[in-house]
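Please turn to the sequence and the structure as they come up.

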Amino acid sequence: MSSLTARPAWKALRAHHEKIRAVHLRTLFADDPTRGERMAAEARGIYLDYSKNRVTGETVALLCRLAEESGLRERIDAMFRGDRINQTENRAVLHVALRAPRGTSIIVDGQDVVTEVHAVLDMMTVFSNRVRSGAWTGHTGKRIRNVVNIGIGGSDLGPVMAYEALKHYSDRAMRFRFVSNVDGTDLVEATRDLDPAETLFIVASKTFTTLETMTNAESARQWLLAGLGGDGKAVAKHFVAVSTNAQKVAAFGIDTANMFEFWDWVGGRYSMGSAIGLSTMLAVGPENFRAMLDGFHQIDEHFRTAPFERNLPVLLGLLTVWYTDFFGAETVAVLPYDQYLKRFPAYLQQLTMESNGKQVTQEGVEVTYPTGPIYWGEPGTNGQHSFYQLIHQGTHLIPCDFIAFGRPLNRLGRHHDMLLANVFAQTEALAYGKTREEVAAEGTPASLVAHRVFPGNRPSNTILAERLTPEALGKLVALYEHSVFTQGVIWNVNSFDQWGVELGKVLAQRIIPELESETEPALGHDSSTNNLIRRSRKLRTAR
């Protein structure tokens with residue numbers, strides 16, 4: 001495969017960028033009165049307005065040509081076929097199978113994985129209905145009213161985000177908590193006001209060996225037994241597992257009949273539609289969970305079949321490549337104007353940065369171009385009163401994705417109209433800005449004119465849907481999943497491994513016994529790390 005920067009479309013984009021990099025969005029809109037309608041795409045109830053980007057029709061055409069030259073269509077087909085496109089781990093990448101309808105077929109190693117997916121979904125459905133109806137009771141016969149999900153990374157961020165996003169649809173007679181941090185405070189605060197007799201723990205760890213998850217699970221087990229008289233049989237009525245390691249699950253005290261399986265062809269950050277989403281199904285019910293999966297599938301099919309120039313995830317991914325590699329933008333702000341989506345930016349941080357935060361190509365050659373921008377954000381309108389200042393008048397170019405819904409889930413006076421007005425006002429202000437002449441014409445003192453100028457020409461996308469439903473949430477997540485895939489194909493990186501998380505974990509295993517040793521350990525780290533370990537040991541014993 002030829003180098004990205006040697007592709008004809010890349011070279012054409014370089015020359016094109018030189019021509020338009022200084023062109024202001026004011027000019028682009030003035031020159032094309034239909035730009036706002038023309039530079040938009042809609043699919044499956046999701047409307048994308050990308051007209052407020054520093055692009056022309058030629059830019060989009062060249063970016064789509066780059067996608068073609070990079071083999072994006074072939075890579076999409078390979079993923080949906082179940083090819084082992086995660087080459088460094090020799091695995092298929094089949095989160096799309098998690099939401100494939102019953103009756104469809106994807107074969108991996110001679111097995112129809114869609115059949116396996118629906119077997120687990122059916123098992124989750126039966127279990128969720130039992131817990132939600134009160135048929136499943138705890139060790140003392142009380143019904144379950146509290147669910148605590150213990151996981152980390154993709155086993156936590158997806159479930160937390162989905163619970164918060166779909167809280168409107170959740171069973172309010174139940175409480176849901178999420179524990180991920182190995183900091184004991186996380187577990188203590190999650191359980192301090194719960195009755196062990198009414199609490200169910202979901203332990204989510206594929207291998208049942210994840211350090212943080214199993215440390216928290218063991219402490220949760222001790223908390224439960226301390227509250228229920230120490231009978232080890234209680235564990236089986238208050239713990240279930242999302243795992244593939246039946247031996248360790250059984251050794252923990254969990255009945256393997258309550259072990260929900262998932263597969264190595266699903267990466268953690270792509271797993272919220274699998275058994276990792278058990279807490280989501282318990283909260284919103286199987287029907288709503290399946291509606292979310294249908295939303296995922298609708299965008300999967302759109303991504304798989306739509307022409308690139310009308311393909312929402314492809315357009316989002318290509319625009320990210322455009323700003324990252326040609327304008328030198330280092331971040332993308334995701335700004336959901338819906339309080340229920342308050343954890344969506346945090347979820348996207350793992351999805352995007354763990355996927356494309358890579359420095360070598362698929363062939364192991366060091367890249368010569370930027371990859372993987374930093375994703376960040378907060379809900380609007382909160383962000384407007386904190387970091388939007390930098391987006392508007394700072395020295396960094398920060399492309400923004402604004403996410404909004406036409407209808408609120410909670411109608412309260414004029415609130416939603418004010419919310420939407422802010423979305424549209426912010427994108428207009430970012431694009432157009434305010435010139436020195438306009439500021440002066442308002443009667444602003446000459447000494448303040450420069451301070452009140454808005455440069456504008458700050459790019460943004462607006463993503464608009466009708467309402468935040470389970471189906472809509474599935475569509476939104478799939479939109480970003482496939483945008484990440486598009487970026488990864490263009491950059492020729494493996495978006496599905498995460499070796500960067502390994503080194504620190506290995507070193508931590510070495511340091512833990514050094515911190516816990518009763519006698520002074522012999523330390524072989526660098527002078528900084530040695531010193532920090534010694535000081536921490538002294539602080540632990542200080543009175």
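I begin with an open sheet of five strands, ordered β6-β5-β7-β8-β9 and paired in parallel. Strands here are DSSP E runs of at least two residues and helices are H or I runs of at least four, numbered from the N terminus; two strands pair if DSSP finds at least two bridges between them. At the edges of this sheet stand β6 (175–179) and β9 (259–260), each of which pairs on one side only. Strand β8, residues 239–242, is joined to β9 by two bridges in the parallel sense, and Val242 is the residue that stands opposite Phe260 of β9.

A word on provenance. This is a predicted model, in which local features need pLDDT of at least 70 and side-chain atom pairs count only at pLDDT 80 or more, while totals for chains, interfaces and linings use all residues. Residues are numbered from 1 along each chain as its sequence is written, and side-chain values use heavy atoms, with hydrogens and water left out.

Let me stay with the region of β7. The loop between α8 (184–191) and β7 (199–204) contains Glu198. Is Glu198 buried or exposed? Glu198 is buried, at a relative accessible area of 18%; buried means under 20%, exposed over 50%, and partly exposed in between, with a 1.4 Å probe and protein chains only. Beyond its neighbours within four places in sequence, the contacts of Glu198 (heavy atoms within 4.5 Å) are Lys142, Arg143, Ile144, Arg145, Asn146 and His238.

Which strands pair with β12? Strand β10, residues 331–336, runs parallel to β12 and is joined to it by four bridges; there, Pro336 has Ile403 as its bridge partner. Strand β13, residues 460–465, also pairs with β12 in the parallel sense, over six bridges, and Phe402 is partnered by Thr462.

Two helical residues follow. Thr59, in helix α4 (residues 57–69), is buried, with a relative accessible area of 0%. Apart from neighbours within four places in sequence, Thr59 touches Leu13, His16, Ile20 and Trp322. From Thr59 to Leu319, 260 residues away in sequence, the C-alpha distance is 9.5 Å. Met418 belongs to helix α17, residues 415–432, and is partly exposed at 45% relative accessibility.

Finally, the chain as a whole. It has 22 helices and 13 strands. Its radius of gyration is 25 Å, close to the 24 Å that the globule rule gives for 543 residues, so the chain is as compact as a globular protein of that length. That radius is taken over C-alpha atoms, and the rule is 2.2 Å times the number of residues to the power 0.38. The C-alpha trace spans about 75 × 65 × 55 Å along its principal axes. Of the 543 residues, 54% are buried. Among contacts with a separation of 6 or more, 73% join residues 24 or more positions apart.

Thank you; I welcome your questions.
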